[in-house]
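Please keep the sequence and the structure in view while reading.

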Amino acid sequence: MIYFELKKFLSSKLENFSIEEKNRFILFLENLFEKSLYNFTNKDFEKLKKYIKKYGSLIKKYPKNYPIEYILKKTYFFGYKFFINENVLIPRKDTEHLVEIALGLVLKRKKLYGTQKIHILDLACGSGCIGISLAKELKKKNISNFFICFSDISINALKVCKLNLKYHNLQFPLILQDSLKAVKEFKFDLILSNPPYVERNSPFLEKSCLYEPKIALFGSLELLKLWAKESYKVLKENGIYIFECAPYQVRSLKSFLKDLYTKVEIYVDYNQLPRGFICYKGL
Ligand SMILES: C[S@@+](CC[C@H](N)C(=O)[O-])C[C@H]1O[C@@H](n2cnc3c(N)ncnc32)[C@H](O)[C@@H]1O
């Protein structure tokens with residue numbers, strides 16, 4: 001009953017909203033209340049009545065394609081909440097595969113690592129969604145002998161990452177660096193990265209991406225190759241580099257990576273498209 005009442009109420013209150021604005025507002029409310037409109041209670045309804053003026057005008061203020069996540073300043077990744085702002089990329093669902101693969105590999109190699117610290121680098125961390133999700137998952141599996149460095153070229157992205165680390169009760173170092181320049185003396189077991197890989201003239205760029213940092217989006221095959229080469233140098237003998245790329249870049253990268261690493265595997269995304277590489281330095 002409340003759902004129909006709510007819809008009627010919203011229709012009357014949002015008369016001057018276009019259909020698109022109404023849908024966006026509903027999506028916004030669902031995110032704000034962290035539940036579907038279907039599950040709103042009378043208490044939520046009362047709260048909403050108070051919010052409508054404030055948030056209704058907010059939705060109208062932003063351009064049509066402005067991401068809801070930036071208005072709410074939060075999003076969800078791998079089931080965890082992350083604070084975000086315009087200084088970081090909005091974490092994508094496809095990147096969750098990278099975490100899943102990393103988690104699987106650490107669990108598989110648990111015996112090999114033994115009680116030694118597992119050194120991990122979240123390269124180009126942005127909000128920190130990859131490393132933080134992995135850390136939370138490892139802790140859930142009672143694995144605590146790991147250490148994750150979070151690095152990015154953007155100081156503002158690192159500030160967001162710091163906020164997320166604090167929110168998730170984690171303490172790890174943040175490194176401000178261009179590519180892998182500051183970690184040349186380190187050795188890692190695992191390097192994870194979702195690099196900026198979109199090419200500037202890409203026809204696949206969604207309109208909402210216009211509001212995301214260009215530095216987080218745009219890259220090149222050269223950058224992906226450079227990071228694969230630099231990662232190789234700072235990996236331990238049996239280290240692994242896992243990174244995401246665009247499906248159309250996979251072919252060009254494959255032979256390059258095969259010449260560099262001992263073993264190279266391609267993983268696929270939710271659409272079964274090739275989405276990244278698992279590169280093994282040793283076996
Ligand atoms: C695609 S975003 C990934 C962010 C986050 N890991 C995620 O998956 O949501 C790429 C990140 O690379 C960083 N970046 C861009 N160029 C870089 C460079 N030359 N060296 C280090 N980081 C860089 C950007 O600041 C951005 O945070």
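How many helices and how many strands does the secondary structure of the chain come to?

## The chain as a whole

The model shown here is predicted, and its secondary structure comes to 11 helices and nine strands. Taken along the principal axes, the C-alpha atoms of the chain fill a box of roughly 65 × 45 × 35 Å, and buried residues make up 30% of the 283 residues.

The domain assignment gives domain 1, covering residues 2-61, and domain 2, covering residues 78-280, and the C-alpha centres of these two domains lie 36 Å apart. If we take the contacts between residues at least 6 apart in sequence, 70% of them join residues at least 24 apart.

## Helix H7

Helix H7 runs through residues 129-140, and its 12 residues reach 16 Å from the first C-alpha to the last, close to the 16 Å expected at 1.5 Å a residue. Several residues of H7 are buried, including Cys-129, Ile-130, Gly-131 and Leu-138. Just after H7, Asn-142 takes a positive phi of about 65°.

## Around the ligand

The ligand is surrounded by 21 residues, of which the closest are Ala-124, Gly-126, Ile-153, Asn-194 and Ala-216.

Conventions:
Residues numbered from 1 in each chain as written. Predicted model: local features only at pLDDT ≥ 70, side-chain atom pairs only at ≥ 80, totals over all residues. Domains from an automatic or database assignment. Helix = DSSP H or I, 4+ residues; strand = E, 2+ residues; numbered from the N terminus. Expected span 1.5 Å × (residues − 1). Buried ≥ 20, exposed ≤ 12 C-beta atoms within 10 Å, placed from the backbone. Contact = placed C-beta atoms within 7 Å. Near = placed C-beta within 6 Å.
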